[in-house]
Amino acid sequence: MKIINKDKNIPYLNEMKKLQTRIRELQAMEDKHARMEQKLEKQARELEQRELEAYCLYGISLLIEEKNLSLDDIIQKTVHMLSSFLKRHRNTHVKVTLGKRIIYSDNFSQSPDKLGYNLIIHGVNKGVLEVYHDDCGLDDAEKQIVSTVAGLVTRIIEQKQTEKILKKNERNFRTVVENSPTGIFIVQKGRIVYENPEEKRLSGPLAQLFRKGDLSSIHPEDMMNVEDGFKKIISGEIRNLDIDFRFFVPGLQNAAPEMKWVHCRASLIDFMGSEAILVNKLDVTRTKELEFLLRAEDKMASLGRVASGIAHEIRNPLSGINIYLSNLEKVIDKPENTKKAKGIISELQSASNRIESVIRRVMDFSKPGEPKLMRIDINQPIRNAVNFSSVVLRKTGITLNVSLAEGLPLCYADSQLIEQVILNLITNAKEAMKNTVSEKKINVASSARNDCIIVTISDSGPGVPLYIRKKIFDPFYTTKEGNTGIGLSMCYRVVADHGGSLSVNDSDSGGAEFRIELPLRKEKRILHE
């Protein structure tokens, strides 16, 4: 019997075990490599898929930037790109329905299976994007691409519609601006970057004002205001400027320069990303000329009323003088008529005095005395006028209510002149209620507001109609029988000389309310004749 020596086989067995272990390790590595290759292949396919998706979406997005493509052209190219992308793996066809328009992919055929996405334009369903496919269907990535493309198509349609509206609005706006009777131009960095046809007609030397700040063409009387406004708008101190001024346009050949009036509005705006000045310029020369003519007509009408009033006031005493002179001529030679002659001479003197009184009132109105302004309590001249007139008012059945605010600040005024104004206004109110049947009352009040002392005299009479409120302060304008029409004009002139204002409105009791406003500060208003 042969005996095997196990000790000799041990090294061999160990080598076999090592070899088997190594083989298993190699097999495991091979399996791992195979899995890695599969993973890499899958990632490569996915990367290729993403690359194609990105290429498809990028190509579609570029279509938006092509200015010369119509909306139908863009949708047609989008349908073609999407169809080409999906056809790599299966038979697919694409259709876009937009209202009555239908756009198909090449060689379109309709299959039972489809995937659709509504096209919601500005919140309204305007159409649908549909993908027809075979039985294999679309994977999730392809469905996501179709959804993304549907969103892109929606945004493209919205953008194109918006661009269409903007272009239409721009054309309409440009038509309005180009045909506007207002000169419109834009100045940026000292250069006129836009001007409409009317501005080209009006422009001339005035454009240099906004280019270089050149004021040489501006009328001397308006130069200071224009320069001040121009500096403020250029520096940004103000955002908007409205101003009327005159400027000179050079005449043809040797002709004298022509003067024009313009109303100018300048505004700081953002234009093409930079600050600019938008200027609207309206030729108001004709309007100013008509205003001048109307003012001249008003002055002539006032002058006519003055002349008529003076003639009326002087005619009666003159007629009396002529009669008295005729009578005097008859009796002057008879000694027994001495007393009668003296009486006639007295009547002549009286008539002469009446003429002198009229002339004095006219002179007082045309050249009133300077008010002696002193710090006074306005309530004092009011009380004086009220006390002076209270007895007469009581006899005529008029209730006089006085409400004077206490502690009023002192104001600069001529006490005697203000007292005369108040007295005249109370008298005017009394005469206005002469034929009033209902309760007759006059309210006199004083108060302070906004750096002004306010005095009101109101009545319960018929009031002053709207259509004559601007005329009642004109000299010799009157609606009362036997009235000279100087009283209210004198009141208006005195208050104006105090730097204040006199106005008339409706009173709470239905009559007229005359309102005097006197400034607390010492100032004198300059009247423009």
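How many helices and strands are there in the protein? There are 11 helices and 16 strands, where helices (H or I, at least four residues) and strands (E, at least two) are DSSP runs numbered from the N terminus. The model is predicted, so local features need pLDDT of at least 70 and side-chain atom pairs count only at pLDDT 80 or more, while totals for chains, interfaces and linings use all residues. Residues are numbered from 1 along each chain as its sequence is written, and side-chain values use heavy atoms, with hydrogens and water left out.

**Whole protein**

- Of the 529 residues in the protein, 35% are buried; buried means under 20% relative accessible area, exposed over 50%, and partly exposed in between (1.4 Å probe, protein chains only).
- A contact means heavy atoms within 4.5 Å.
- Among contacts with a separation of 6 or more, 59% join residues 24 or more positions apart.

**Helix H9**

- Helix H9 covers residues 379–395, which is 17 residues.
- From first C-alpha to last, H9 reaches 24 Å, close to the expected 24 Å at 1.5 Å a residue; the expected span is 1.5 Å times one less than the number of residues.
- H9 bends by about 40° at Ser 389, the bend being the angle between axes fitted to the seven residues ending there and the seven starting there.
- The buried residues of H9 are Asn 379, Pro 381, Ile 382, Ala 385, Val 386, Ser 389 and Leu 393.
- These buried residues pack against several elements, including strand E10 (374–376), strand E11 (399–404) and helix H10 (415–432).
- Just after H9 comes Gly 397, with a positive phi of about 75°.

- Two packed helices are described by the angle between their axes and the distance between the axes.
- Axes are lines fitted to C-alpha atoms, for helices over the stretch in contact, and angles run from 0 to 180 degrees between N-to-C directions.
- The axes of H9 and H10 cross at roughly 30° and come within 8 Å.
- The crossing of H9 and H10 is right-handed; a crossing is left-handed if the near helix is turned anticlockwise from the far one by less than a right angle, and right-handed if clockwise.
- The residues of the contact of H9 with H10 divide into 11 nonpolar, 3 polar and 2 charged.
- In this division Ala, Val, Leu, Ile, Met, Phe, Trp, Tyr, Cys and Pro count as nonpolar, Asp, Glu, Lys and Arg as charged, and the others, Gly among them, as polar.
- H10 also packs with helix H11 (residues 487–497), at an angle of about 145° and with axes 10 Å apart.
- The crossing of H10 and H11 is left-handed.
- Leu 417, Val 421, Asn 424, Leu 425 and Asn 428 in H10 meet Gly 487, Leu 488, Cys 491, Val 494 and Val 495 in H11.
- The residues of that contact comprise 7 nonpolar, 3 polar and no charged.

**Helix H6**

- The 16 residues of helix H6 (residues 220–235) should span 22 Å at 1.5 Å a residue, and the end C-alpha atoms are 23 Å apart, which agrees.
- Asp 222, Val 226, Gly 229, Phe 230 and Ile 233 are buried in H6.
- Gly 236 follows H6 and has a positive phi, near 85°.

- Val 153, in helix H3 (residues 140–178), counts as buried because its relative accessibility is 2%.
- Not counting residues up to four places away in sequence, Val 153 touches Thr 78, Leu 119 and Leu 129.
- Thr 92, in strand E1 (residues 92–98), counts as buried because its relative accessibility is 0%.
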